[in-house]
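Have the model open while you read.

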Amino acid sequence: MRLARKSRPFADVDVTSFGDLAFLLIIFFILTTTFVKPMGSRLTIPSGTSDPNRKSDKDFPTINISADRILFNKDEVSFDELRRKLSGMKFPERREEERIIIVEAAPDVPFDRYFKVVTAVSRSGGILAIVEYEESRKDGKAGGQEASE
Amino acid sequence: MRLPRREKKRPYVPVASFGDLAFLLIIFFMVASTFMREKHVKAREASSPDIEKAELKPISVILDSEGQLWLQGQKCPPDALEAAVSALLEGAREKTVMLKIDKDQPQEKYGKVLLALSGAGADILLVGVREGQSARPATPN
(Lines give C-alpha, C1' and ligand atoms only; values in the text may rest on other atoms or scores of the structure.)
Protein backbone atom coordinates (compact mmCIF):
# COMPACT_ATOMS: atom_id res chain seq x y z
CA MET A 1 0.00 0.00 0.00
CA ARG A 2 1.33 3.42 -0.87
CA LEU A 3 1.13 5.93 1.92
CA ALA A 4 0.70 9.54 1.16
CA ARG A 5 3.92 11.47 1.95
CA LYS A 6 3.41 14.21 4.44
CA SER A 7 4.43 17.54 3.03
CA ARG A 8 7.18 18.95 5.22
CA PRO A 9 7.02 22.63 6.09
CA PHE A 10 9.77 24.65 4.35
CA ALA A 11 12.52 25.44 6.83
CA ASP A 12 12.92 29.19 6.78
CA VAL A 13 14.48 31.49 9.35
CA ASP A 14 12.97 34.92 9.24
CA VAL A 15 15.88 37.36 9.26
CA THR A 16 13.94 40.52 8.60
CA SER A 17 14.31 41.78 12.14
CA PHE A 18 18.11 41.33 12.07
CA GLY A 19 18.36 44.63 10.25
CA ASP A 20 16.45 46.43 12.99
CA LEU A 21 18.65 44.78 15.58
CA ALA A 22 21.86 45.83 13.87
CA PHE A 23 20.69 49.41 13.43
CA LEU A 24 19.62 49.57 17.05
CA LEU A 25 23.10 48.39 18.04
CA ILE A 26 24.72 51.06 15.88
CA ILE A 27 22.49 53.79 17.30
CA PHE A 28 23.17 52.58 20.84
CA PHE A 29 26.93 52.77 20.37
CA ILE A 30 26.77 56.13 18.61
CA LEU A 31 24.80 57.60 21.50
CA THR A 32 26.72 56.04 24.35
CA THR A 33 30.25 56.45 23.02
CA THR A 34 32.21 59.27 24.56
CA PHE A 35 35.41 60.29 22.92
CA VAL A 36 38.18 60.72 25.43
CA LYS A 37 39.52 64.24 25.40
CA PRO A 38 42.88 64.71 26.99
CA MET A 39 43.47 67.37 29.61
CA GLY A 40 46.45 69.50 28.92
CA SER A 41 48.11 72.82 28.52
CA ARG A 42 49.48 74.28 25.34
CA LEU A 43 52.97 75.58 25.95
CA THR A 44 54.13 78.64 24.14
CA ILE A 45 57.79 77.98 23.65
CA PRO A 46 59.75 80.01 21.13
CA SER A 47 60.88 77.45 18.59
CA GLY A 48 64.38 77.33 17.17
CA THR A 49 67.83 76.34 18.19
CA SER A 50 69.67 76.89 21.44
CA ASP A 51 71.75 79.99 21.79
CA PRO A 52 74.63 79.42 24.21
CA ASN A 53 75.65 83.09 24.12
CA ARG A 54 72.32 84.39 25.25
CA LYS A 55 72.08 85.46 28.84
CA SER A 56 68.79 84.03 29.85
CA ASP A 57 68.40 85.92 33.11
CA LYS A 58 69.27 89.37 31.74
CA ASP A 59 65.91 91.10 31.53
CA PHE A 60 63.22 88.52 31.90
CA PRO A 61 61.47 87.32 35.03
CA THR A 62 62.95 84.03 36.17
CA ILE A 63 61.48 81.08 37.97
CA ASN A 64 63.92 78.69 39.57
CA ILE A 65 62.58 75.31 40.62
CA SER A 66 64.40 72.96 42.93
CA ALA A 67 63.18 69.81 44.62
CA ASP A 68 61.94 71.68 47.70
CA ARG A 69 61.35 75.32 46.74
CA ILE A 70 60.36 77.73 44.03
CA LEU A 71 62.10 81.06 43.50
CA PHE A 72 60.46 83.86 41.54
CA ASN A 73 63.02 86.53 40.70
CA LYS A 74 65.14 85.05 43.51
CA ASP A 75 62.35 85.38 46.09
CA GLU A 76 61.05 82.17 47.57
CA VAL A 77 57.36 81.73 46.89
CA SER A 78 54.77 79.06 47.39
CA PHE A 79 53.03 77.65 44.35
CA ASP A 80 49.85 79.64 45.07
CA GLU A 81 51.85 82.85 45.47
CA LEU A 82 53.57 82.17 42.16
CA ARG A 83 50.19 81.76 40.46
CA ARG A 84 48.98 85.04 41.94
CA LYS A 85 52.14 86.87 40.85
CA LEU A 86 51.87 85.45 37.35
CA SER A 87 48.25 86.45 36.92
CA GLY A 88 49.08 89.90 38.31
CA MET A 89 51.62 90.40 35.53
CA LYS A 90 48.78 90.67 32.98
CA PHE A 91 50.69 89.02 30.15
CA PRO A 92 47.84 89.11 27.61
CA GLU A 93 48.06 92.92 27.61
CA ARG A 94 51.79 92.92 26.95
CA ARG A 95 53.85 92.71 23.79
CA GLU A 96 55.31 89.31 22.92
CA GLU A 97 58.88 90.10 24.00
CA GLU A 98 57.57 91.25 27.38
CA ARG A 99 55.79 87.99 28.01
CA ILE A 100 58.88 85.79 28.16
CA ILE A 101 59.56 83.97 31.41
CA ILE A 102 62.69 81.96 32.03
CA VAL A 103 61.99 78.68 33.78
CA GLU A 104 65.00 76.94 35.19
CA ALA A 105 64.68 73.59 36.91
CA ALA A 106 67.38 71.66 38.76
CA PRO A 107 68.26 68.31 37.17
CA ASP A 108 66.53 66.32 39.91
CA VAL A 109 63.18 68.16 39.78
CA PRO A 110 60.44 65.64 39.02
CA PHE A 111 58.17 66.44 36.12
CA ASP A 112 55.06 66.73 38.31
CA ARG A 113 56.55 69.80 40.02
CA TYR A 114 57.77 71.32 36.76
CA PHE A 115 54.39 70.67 35.13
CA LYS A 116 52.55 72.70 37.77
CA VAL A 117 54.83 75.69 37.20
CA VAL A 118 54.88 75.65 33.39
CA THR A 119 51.11 75.19 33.16
CA ALA A 120 50.68 78.16 35.52
CA VAL A 121 52.98 80.24 33.29
CA SER A 122 51.13 79.07 30.21
CA ARG A 123 47.71 79.85 31.69
CA SER A 124 48.79 83.33 32.68
CA GLY A 125 49.77 84.00 29.06
CA GLY A 126 53.51 83.86 29.54
CA ILE A 127 55.94 82.60 26.92
CA LEU A 128 58.20 79.93 28.28
CA ALA A 129 61.94 79.99 27.72
CA ILE A 130 63.59 76.76 28.78
CA VAL A 131 67.01 76.74 30.34
CA GLU A 132 69.23 73.80 29.66
CA TYR A 133 71.95 72.81 32.07
CA GLU A 134 75.34 72.08 30.62
CA GLU A 135 77.17 68.94 31.74
CA SER A 136 79.72 71.01 33.65
CA ARG A 137 76.94 72.73 35.59
CA LYS A 138 75.40 69.46 36.55
CA ASP A 139 78.74 68.45 38.05
CA GLY A 140 78.60 71.48 40.30
CA LYS A 141 81.07 73.58 38.30
CA ALA A 142 80.35 77.00 36.97
CA GLY A 143 79.02 77.01 33.46
CA GLY A 144 76.82 78.80 31.05
CA GLN A 145 73.27 78.05 30.23
CA GLU A 146 71.31 77.91 27.06
CA ALA A 147 67.96 79.38 26.48
CA SER A 148 65.74 78.09 23.77
CA GLU A 149 65.00 80.93 21.43
CA MET B 1 -21.95 44.78 -17.47
CA ARG B 2 -20.02 43.87 -14.43
CA LEU B 3 -16.31 44.08 -14.87
CA PRO B 4 -14.16 41.82 -12.78
CA ARG B 5 -12.50 43.82 -9.99
CA ARG B 6 -8.75 43.88 -10.20
CA GLU B 7 -7.07 42.39 -7.21
CA LYS B 8 -5.03 45.08 -5.42
CA LYS B 9 -1.45 44.13 -4.61
CA ARG B 10 -0.29 44.89 -1.11
CA PRO B 11 2.71 47.23 -1.14
CA TYR B 12 5.88 45.45 -0.12
CA VAL B 13 9.29 46.89 0.62
CA PRO B 14 12.04 44.30 0.61
CA VAL B 15 14.05 44.91 3.78
CA ALA B 16 16.01 41.71 3.94
CA SER B 17 19.18 43.44 2.73
CA PHE B 18 19.06 46.10 5.47
CA GLY B 19 20.76 43.68 7.82
CA ASP B 20 23.66 43.25 5.40
CA LEU B 21 23.87 47.01 5.05
CA ALA B 22 24.00 47.54 8.79
CA PHE B 23 26.66 44.90 9.31
CA LEU B 24 28.70 46.38 6.49
CA LEU B 25 28.51 49.73 8.30
CA ILE B 26 29.67 48.13 11.54
CA ILE B 27 32.58 46.44 9.74
CA PHE B 28 33.50 49.70 8.01
CA PHE B 29 33.70 51.62 11.30
CA MET B 30 35.61 48.81 12.99
CA VAL B 31 38.21 48.83 10.22
CA ALA B 32 38.38 52.61 9.89
CA SER B 33 38.64 53.33 13.61
CA THR B 34 42.05 53.92 15.05
CA PHE B 35 42.60 52.69 18.53
CA MET B 36 45.10 53.78 21.11
CA ARG B 37 48.59 53.31 19.86
CA GLU B 38 50.24 53.79 23.23
CA LYS B 39 48.09 51.54 25.36
CA HIS B 40 51.15 49.51 26.25
CA VAL B 41 53.21 52.49 27.43
CA LYS B 42 53.17 53.11 31.16
CA ALA B 43 53.37 56.77 32.10
CA ARG B 44 51.66 58.31 35.12
CA GLU B 45 50.20 61.69 34.39
CA ALA B 46 51.37 64.81 36.16
CA SER B 47 48.69 66.99 37.75
CA SER B 48 48.02 70.70 37.74
CA PRO B 49 45.11 73.04 38.49
CA ASP B 50 45.89 75.05 35.35
CA ILE B 51 44.97 72.62 32.61
CA GLU B 52 41.92 72.39 30.40
CA LYS B 53 40.32 69.98 28.00
CA ALA B 54 42.17 69.77 24.73
CA GLU B 55 41.76 68.17 21.34
CA LEU B 56 43.50 64.95 20.41
CA LYS B 57 46.45 65.52 18.13
CA PRO B 58 47.84 63.09 15.58
CA ILE B 59 51.46 63.20 16.78
CA SER B 60 52.27 62.00 20.27
CA VAL B 61 55.46 61.71 22.26
CA ILE B 62 55.66 59.91 25.59
CA LEU B 63 58.46 59.71 28.14
CA ASP B 64 57.46 56.70 30.18
CA SER B 65 58.06 55.72 33.80
CA GLU B 66 61.31 53.96 32.86
CA GLY B 67 62.70 56.95 30.99
CA GLN B 68 62.03 55.38 27.61
CA LEU B 69 60.95 57.71 24.84
CA TRP B 70 58.08 56.80 22.50
CA LEU B 71 57.10 58.55 19.30
CA GLN B 72 53.79 57.51 17.74
CA GLY B 73 53.78 54.36 19.89
CA GLN B 74 57.24 53.30 18.72
CA LYS B 75 60.45 53.48 20.75
CA CYS B 76 62.60 56.41 19.73
CA PRO B 77 66.17 57.18 20.83
CA PRO B 78 66.31 60.66 22.45
CA ASP B 79 68.97 61.86 20.01
CA ALA B 80 66.74 61.02 17.05
CA LEU B 81 63.61 62.73 18.39
CA GLU B 82 64.14 66.18 16.90
CA ALA B 83 64.80 64.87 13.39
CA ALA B 84 61.93 62.38 13.57
CA VAL B 85 59.43 65.02 14.72
CA SER B 86 60.70 67.48 12.11
CA ALA B 87 60.08 64.86 9.44
CA LEU B 88 56.56 64.21 10.72
CA LEU B 89 55.75 67.91 10.84
CA GLU B 90 57.09 68.63 7.37
CA GLY B 91 54.19 69.72 5.23
CA ALA B 92 51.70 69.11 8.03
CA ARG B 93 49.15 71.83 8.73
CA GLU B 94 48.86 70.82 12.37
CA LYS B 95 52.15 71.45 14.19
CA THR B 96 50.97 70.42 17.63
CA VAL B 97 52.59 67.47 19.35
CA MET B 98 50.93 65.85 22.34
CA LEU B 99 53.57 65.32 24.99
CA LYS B 100 53.06 63.11 27.99
CA ILE B 101 55.78 62.69 30.56
CA ASP B 102 55.74 60.40 33.56
CA LYS B 103 55.32 62.52 36.67
CA ASP B 104 58.46 61.23 38.37
CA GLN B 105 60.90 61.70 35.50
CA PRO B 106 63.76 64.08 36.36
CA GLN B 107 64.46 67.34 34.53
CA GLU B 108 67.62 65.97 32.96
CA LYS B 109 65.36 63.63 30.95
CA TYR B 110 62.33 65.76 30.12
CA GLY B 111 64.36 68.94 29.56
CA LYS B 112 66.01 67.34 26.53
CA VAL B 113 62.64 66.24 25.17
CA LEU B 114 61.20 69.75 25.47
CA LEU B 115 64.23 71.26 23.77
CA ALA B 116 64.12 68.66 20.99
CA LEU B 117 60.44 69.39 20.29
CA SER B 118 61.06 73.10 20.43
CA GLY B 119 63.96 72.66 18.01
CA ALA B 120 61.73 70.69 15.67
CA GLY B 121 59.31 73.61 15.53
CA ALA B 122 56.50 71.77 17.29
CA ASP B 123 53.75 73.40 19.30
CA ILE B 124 53.63 71.43 22.52
CA LEU B 125 50.46 70.25 24.20
CA LEU B 126 51.50 68.97 27.62
CA VAL B 127 49.10 66.28 28.77
CA GLY B 128 48.21 65.71 32.40
CA VAL B 129 45.29 65.52 34.81
CA ARG B 130 43.57 68.26 36.69
CA GLU B 131 44.70 68.39 40.29
CA GLY B 132 42.39 66.42 42.49
CA GLN B 133 41.57 63.85 39.83
CA SER B 134 43.27 60.49 40.14
CA ALA B 135 46.03 59.92 37.65
CA ARG B 136 45.41 57.07 35.28
CA PRO B 137 48.11 54.42 35.06
CA ALA B 138 48.18 54.20 31.28
CA THR B 139 48.16 56.76 28.49
CA PRO B 140 45.27 59.18 27.98
CA ASN B 141 44.30 59.18 24.29
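**Notes on helix packing and the chain contact**

1. Start with helix 2 (residues 79–88) of chain A and helix 3 (residues 111–124) of chain A: their axes come within 9 Å and cross at roughly 20°. Axes here are lines fitted to C-alpha atoms, for helices over the stretch in contact, with angles from 0 to 180 degrees between N-to-C directions; helices are DSSP runs (H or I, at least four residues), numbered from the N terminus. Helix 2 of chain A and helix 3 of chain A are therefore roughly parallel (angles under 35 degrees count as such).

2. Before going further, a caveat: this is a predicted model, where local features need pLDDT of at least 70 and side-chain atom pairs count only at pLDDT 80 or more, while totals for chains, interfaces and linings use all residues. Residues are numbered from 1 along each chain as its sequence is written, chains are lettered from A in the order in which they are written, and side-chain values use heavy atoms, without hydrogens and water.

3. Back to that chain A pair. The crossing is right-handed, meaning the near helix is turned clockwise from the far one by less than a right angle. From helix 2 of chain A, the contact (heavy atoms within 4.5 Å) includes A:Phe79, A:Leu82 and A:Arg83, and from helix 3 of chain A it includes A:Lys116, A:Val117 and A:Ala120. The residues of this contact split into six nonpolar, two polar and two charged (Asp, Glu, Lys and Arg count as charged; Gly is among the polar).

4. Chain B has a pair to look at too: helix 2 (residues 81–89) of chain B and helix 3 (residues 107–119) of chain B, with axes within 8 Å and crossing at roughly 35°. This crossing is right-handed. B:Leu81, B:Glu82 and B:Val85 of helix 2 of chain B touch B:Val113, B:Ala116, B:Leu117 and B:Gly119 of helix 3 of chain B.

5. Now across the chains. Helix 1 (residues 16–32) of chain A and helix 1 (residues 18–32) of chain B have axes that come within 7 Å and cross at roughly 30°, which makes these two helices roughly parallel. Their crossing is left-handed.

6. Chain B gives 47 residues to the contact and chain A gives 40. About 4,000 Å² is buried between them, 62% of it from carbon and sulfur atoms (accessible area lost on being put together, 1.4 Å probe, summed over both parts).

7. Which side chain meets A:Arg83 in a salt bridge? It is that of B:Asp50, at 2.8 Å, N to O (the cut-off is a side-chain nitrogen of Lys or Arg within 4 Å of a carboxyl oxygen of Asp or Glu). The count between the chains is four salt bridges.

Definitions and conventions
Angles under 35 degrees count as roughly parallel, over 145 as roughly antiparallel, 65 to 115 as roughly perpendicular and the rest as oblique. Buried area is the accessible area (1.4 Å probe) that two parts lose on being put together, summed over both.
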